[in-house]
Amino acid sequence: MTVLTPRIEQAGEQRSARVESLRAVAALGVAFGHAFAIAVAFEGIFTSAKNRLLLSGGLGVFLFFTLTGYLLFLPFLRSQVGEGRRVDLGTYARNRALRILPLYYAVVAILLILQPFDTDRSDWWRFALFIENFSRATATRLDSPIWSLVVELHFYVALPLLAWLIARVARRSLALTVAPWIQPEALVALGGFLVVGGAVRPLRDGVLTRVLEWRPLALVSYAFVERPFLRLRRRWATTEA
């Protein structure tokens, strides 16, 4: 189960340079895609191939979802096949909460007060409970990008149960445990799966894998994605989950 990829030290931990670089690519793509849409005030963003290409950086969010699935399921998988210690669910829950809840609630509270953006303030409870994606009155309202945080949180909650079910079905068989349980409903989901798989377990080294091993790119991920969360996490505990 040991994944042999070039490593980089971040926050006192050894991490895969390729995975961190993929995270940086996804973050930069999402930032660029949203910046382009805002710069043109969302006018005509789908009217030409060039505009759609510029906007497509926002699809990096699906790469984030794939990375989340890989990185969070890996400790459960290692535990299931006897190559890692048991995942402490209390630590797991605390770290996941610290990653999303403080910033999410701060954004929601400020926007509900200052600029509801076609949202009725009486729907505040939907945002508080992370269920705004299930209502047309609130989905993509207030601050459209936070829909992805709702998806992330629901995955965080479901993952321990999913990992347990997979372990029960696989009966500790590595081949069955890593089988393709999820049937992608869109090419973008399949693409994210293949990109992460290609970075972690490439059939052979090539130009793209060497680009992902470029340390400055991996450090971008750490500086803009990981460092803010790690500062908050260290106030509570030092963990790996």
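## Helices and the loop of Leu142

Helices are DSSP runs of H or I with at least four residues, numbered from the N terminus. In this predicted model, leucine 142 is located in the loop that runs between helix 5 and helix 6. Phenylalanine 130 is placed in the loop between helix 5 (124-128) and helix 6 as well.

Most residues other than glycine have a negative phi. Leucine 142, although not a glycine, has a positive phi of about 65°. The phi of phenylalanine 130 is also positive, near 60°, and this residue is likewise not a glycine.

## Nonpolar cores

The largest nonpolar core comprises 22 residues. Within this core, the residues with the most contacts are Phe73, Phe76, Tyr92, Tyr104 and Val108. At least two residues of the core come from each of helix 3 (60-80), helix 4 (89-114) and helix 6 (147-170). Another core, of six residues, lies apart from it; Ala26, Leu63, Leu67 and Leu212 are among its members.

## Contacts of Val108

Which residues does valine 108 touch, not counting residues up to four places away in sequence? The contacts of valine 108 are Phe127, Leu142 and Ile146.

Note on methods. Residues are numbered from 1 along each chain as its sequence is written. This is a predicted model: local features need pLDDT of at least 70, side-chain atom pairs count only at pLDDT 80 or more; totals for chains, interfaces and linings use all residues. Side-chain values use heavy atoms; hydrogens and water are left out. A nonpolar core is a set of buried Ala, Val, Leu, Ile, Met, Phe, Trp, Tyr and Cys residues joined through side-chain atoms within 4.5 Å. Buried means under 20% relative accessible area, exposed over 50%, partly exposed in between (1.4 Å probe, protein chains only). Contact means heavy atoms within 4.5 Å.
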